[in-house]
Amino acid sequence: MARKKGFKDPKKAQRRVETLFEEADEKYKEDPGLSQRYTFLARKLAMKMRLKLPSFIKRKFCRHCYSYLRPGSNCRVRVQHGKVIYNCFRCK
């Protein structure tokens, strides 16, 4: 019988998601495509483990195209009516 892959402990999975987003932030200047991949893997893991992502992580990817967001580089940050609005340059 084959051994199952993946995380069983939600705390370890949460730590892995945070690590992937940190790596995406570090690698963005060198290779934006790699940052997109890290974001994809982190989201996939969070959905599989049914993790509730904290707000500081939710702000790091676009809700429409799921690309990694870096303020000033590929997204615009504005405050409208007391809310922080992130506009992705990729999908508008």
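Because the model is predicted, local features need pLDDT of at least 70 and side-chain atom pairs count only at pLDDT 80 or more, while totals for chains, interfaces and linings use all residues. Residues are numbered from 1 along each chain as its sequence is written, and side-chain values use heavy atoms, with hydrogens and water left out.

The protein has three helices and two strands, arranged along the sequence in the pattern α-α-α-β-β; here helices (H or I, at least four residues) and strands (E, at least two) are DSSP runs, numbered from the N terminus. Taken along the principal axes, the box filled by the C-alpha atoms is roughly 55 × 30 × 20 Å. Of the 92 residues, 27% are buried, where buried means under 20% relative accessible area, exposed means over 50%, and partly exposed lies in between (1.4 Å probe, protein chains only). The accessible surface comes to about 7,300 Å², and carbon and sulfur atoms account for 50% of that surface; these areas come from the Shrake-Rupley method with a 1.4 Å probe, and for residues only the protein chains shown count as cover. Among contacts (heavy atoms within 4.5 Å) between residues at least 6 apart in sequence, 47% join residues at least 24 apart.

The charges come next. The protein carries 26 positive and 8 negative charges, whose mean positions are 10 Å apart; Lys and Arg count as positive and Asp and Glu as negative, with His and the chain ends not counted, and each charge is placed at NZ of Lys, CZ of Arg, CG of Asp or CD of Glu. Side chains of opposite charge can pair when their charged atoms come close. With a salt bridge defined as a side-chain nitrogen of Lys or Arg within 4 Å of a carboxyl oxygen of Asp or Glu, the count is one salt bridge, and the side chains of arginine 70 and aspartate 25 form a salt bridge at 3.3 Å, N to O. Arginine 70 lies in the loop between helix H3 (55-58) and strand S1 (75-80) and aspartate 25 in helix H1 (residues 10-27), so the pair ties together parts that are 45 residues apart in sequence. Arginine 70 is partly exposed at 24% relative accessible area, and aspartate 25 is likewise partly exposed, at 32%.

Leaving aside neighbours within four places in sequence, alanine 24 is in contact with Ser35, Tyr38, Thr39 and Tyr68.

The loop between H3 and S1 also holds serine 67, which is buried at 1% relative accessible area. Setting aside its neighbours within four places in sequence, serine 67 touches Gln36, Lys60, Phe61, Cys62, Cys88 and Arg90.

Finally, there are the cysteines. The structure holds zero disulfides, a disulfide being a pair of cysteine sulfur atoms within 2.5 Å. For cysteine 65 the nearest cysteine sulfur is that of cysteine 62, 3.7 Å away, and cysteine 65 is partly exposed at 24% relative accessibility. Cysteine 91 is also in no disulfide, with the sulfur of cysteine 62 again the nearest cysteine sulfur, at 3.5 Å; cysteine 91 is partly exposed, with a relative accessible area of 32%.
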